[in-house]
Amino acid sequence: MSSYDAGPVAALRRIAFLLERSRAETYKVKAFRGAADVLLPLDPDEVASRVAAGTLRELPGIGASTAEVIEAAVQGITPARLAKLEDEVGGPLVDGGENIRAALKGDLHSHSDWSDGGSPIEEMAFTAIELGHEYLVLTDHSPRLKVANGLSISRLNKQLEVVEAVNAHLGGSGFTLLKGIEVDILDDGALDQTDEMLAKLDVRVASVHSKLAMDKYAMTRRMIAAVQNPFTNVLGHCTGRLVTGNRGTRAQSEFEAEKVFAACAENGVAVEINARPERRDPPTTLLKLAIDTGCLFSIDSDAHAPGQLDFQVYGCARAEELGLDPDRIVNTWSRDRLVSWAQSRI
Ligand SMILES: [Zn+2]
Ligand SMILES: [Zn+2]
């Protein structure tokens, strides 16, 4: 048994992180994240005396498997569950991509439990810090995406206050949580949020989530209109395809890619390399085309849980394989350069 000195909350969070980055179902992760939340406000002495007295499970949200983790960590022993996960899924997610990953300073696409993510905003921010990021853009969904609990104007306004509070709390850490949105591209290419709200944000990802099977020429017009919108900074998962995973597969949408990417290059809009394994979007032929067209890129995790922030390396491996110049990847830029680029057309 190896020794462990990071304490029970760190052990529970690390287990959740490893489960999430290995794409475990949410229900398997929930118990560990929940138990960490229960423990966090407690005095460590209280936790230790509960371990000694065998009364941990009297706390709400602590079950057999989480109690086992806590007991080991409190006793200074690496919890068996943690050791097993480190061994099985703790290694690199993919071959390659390390150089570009090391050059990334942040992530432009992430979701919290305000829309369809699984964790609170602050947990996403803490994990981004642990991954070495200088910034994370919080991009919860826009109103029209009701299945994903898209944010109304008033909820988005509230969220912006929370983002400011998180930043105030993290003051001096060198990390900034940036205000953002994943805004739906409506059927006619308009964005699903008011200009007034979009103007309050630091970075905006615009994505198609509906009518993916629309006629090729209509889809081209729709996407170009969105790209020309001065608030659009990143074109999210451009084909909408799903290649694997529990949502099944979905064909890529059809559009005139030369024209769409030319519009991105002309308007300084970054084409997203969506790193989620089930998306892997754009497909390689289109990614090569966008590189040849002179586009900027953003390598995004599109994380819906903290551990999924680690997905970025999948996109990095693809970019590295195709020889993409890191300076064309906007999230290798400093926060200030990124934010001024994102405001440059409005
Ligand atoms: Zn999306
Ligand atoms: Zn997303």
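How far apart do the end C-alpha atoms of residues 106-187 lie, and what percentage of the span is helix and strand?

Guide: This is a predicted model, in which local features need pLDDT of at least 70 and side-chain atom pairs count only at pLDDT 80 or more, while totals for chains, interfaces and linings use all residues. Residues are numbered from 1 along each chain as its sequence is written, and chains are lettered from A and ligands numbered from 1 in the order written.

The end C-alpha atoms of residues 106-187 lie 31 Å apart, and the span is 33% helix and 18% strand (DSSP runs: helices are H or I, at least four residues; strands are E, at least two; numbered from the N terminus). UniProt lists these residues, in an unreviewed entry, as "domain: Polymerase/histidinol phosphatase N-terminal"; such annotations may be inferred rather than shown by experiment.

Now the helices. The axes (lines fitted to C-alpha atoms over the stretch in contact, with angles from 0 to 180 degrees between N-to-C directions) of α1 (residues 8-21) and α2 (residues 26-39) come within 9 Å and cross at roughly 155 degrees. The two are therefore roughly antiparallel (angles over 145 degrees). Residues in this contact (C-beta atoms, placed from the backbone, within 7 Å) include L12 and I15 of α1 and F32 and L39 of α2.

Helix α11 (residues 257-267) also has its axis within 9 Å of that of α12 (residues 284-292), crossing at roughly 45 degrees.

Notes: Parallel < 35°, antiparallel > 145°, perpendicular 65-115°, else oblique. Contact = placed C-beta atoms within 7 Å.
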